[in-house]
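Dear colleague,

Please find the sequence and structure below. My notes on it follow.

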Amino acid sequence: MDDLKQQIKEVIIDSLDLEDVKPEDIVDSEPLFGSGLGLDSIDALELGVALKKKFGVKFSSESADNKKHFASVDALAEYISAEKNKA
């Protein structure tokens, strides 16, 4: 799971052009939006597309669970891991 979290952090940094952020700067349990990393809704869209390309997982724009999935690196790792296990 640690390798997956590292990959997610790299996708976040690369897809959102966060030049001053390193993977080790992102705390797994810290919120990605608002107070934590400070991402916004546009970032969420870009990140969702990048995660789909990298991991083959889909996020539905109608899903109420998206907020939960994008809460933190931990939450994204759990969602991606669960989706991969379904396939």
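**Notes on the model**

At 61% relative accessibility, Asp17 counts as exposed, because that value is over 50%. Please keep in mind that this is a predicted model. Asp17 sits in the loop between H1 and H2. Its phi is near 50°, a positive value in a residue other than glycine.

**H1 against H2**

Helix H1 covers residues 2–15 and helix H2 covers residues 41–55. The two pack at an angle of about 130°, and their axes are 10 Å apart. That angle makes H1 oblique to H2. The crossing of H1 and H2 is right-handed. On the H1 side, the contact is made by Leu4, Gln7, Ile8, Val11, Ile12 and Ser15. H2 contributes Glu46, Leu47, Ala50, Leu51, Lys54 and Phe55. Sorted by class, the contact of H1 with H2 has eight nonpolar, two polar and two charged residues.

**H1 against H4**

H1 also packs with H4, here at an angle of about 115° and with the axes 9 Å apart. H1 is therefore roughly perpendicular to H4. H1 passes H4 in a right-handed crossing. From H1, the residues in contact are Leu4, Lys5, Ile8, Lys9 and Ile12. From H4, they are Val73, Asp74, Leu76, Ala77, Ile80 and Ser81. The contact of H1 with H4 divides into seven nonpolar, one polar and three charged residues.

Val73, which lies in helix H4, is worth a separate entry. Is Val73 buried or exposed? Val73 has a relative accessible area of 0%, so it is buried. Leaving aside neighbours within four places in sequence, Val73 is in contact with Lys5, Ile8, Lys9, Ile12, Ile26, Asp28 and Leu32. The C-alpha atoms of Val73 and Ser29 are separated by 6.3 Å, although these residues are 44 residues apart along the chain.

**Aromatic pairs**

How many aromatic pairs does a search of the whole structure find? The search finds three. In one of them, the rings of Phe59 and Phe70 have their centres 4.7 Å apart and their planes at 50°, so the pair is tilted. This pair links distant parts of the chain, 11 residues apart. Phe59 is in the loop between H2 and helix H3 (66–69), and Phe70 is in the loop between H3 and helix H4 (73–86). Phe59 and Phe70 are both buried.

Phe59 also forms an aromatic pair with Tyr79, again tilted, at 5.1 Å centre to centre and with 35° between the planes. Here, too, distant parts of the chain are linked: Phe59 in the loop between H2 and H3, and Tyr79 in helix H4, 20 residues apart. Tyr79 is buried, because its relative accessible area of 13% is under 20%. Ring pairs link Phe33, Phe59, Phe70 and Tyr79 into a cluster.

**His69**

His69 is found in helix H3. With a relative accessible area of 12%, His69 is buried. Not counting residues up to four places away in sequence, His69 touches Phe59, Ala75, Leu76 and Tyr79. Two of these, Phe59 and Tyr79, belong to the ring cluster, and Leu76 is in the contact of H1 with H4.

Regards

Methods
Residues numbered from 1 in each chain as written. Predicted model: local features only at pLDDT ≥ 70, side-chain atom pairs only at ≥ 80, totals over all residues. Heavy atoms only, no water. Axes fitted to C-alpha atoms, helices over the stretch in contact; angles between N-to-C directions. Helix = DSSP H or I, 4+ residues; strand = E, 2+ residues; numbered from the N terminus. Parallel < 35°, antiparallel > 145°, perpendicular 65-115°, else oblique. Left-handed = near helix turned anticlockwise from the far one by under 90°. Contact = heavy atoms within 4.5 Å. Nonpolar A, V, L, I, M, F, W, Y, C, P; charged D, E, K, R; others polar. Phe/Tyr/Trp six-rings, centres within 6.5 Å; stacked < 30°, edge-to-face > 60°. Buried < 20%, exposed > 50% of the residue type's maximum accessible area, 1.4 Å probe, protein only.
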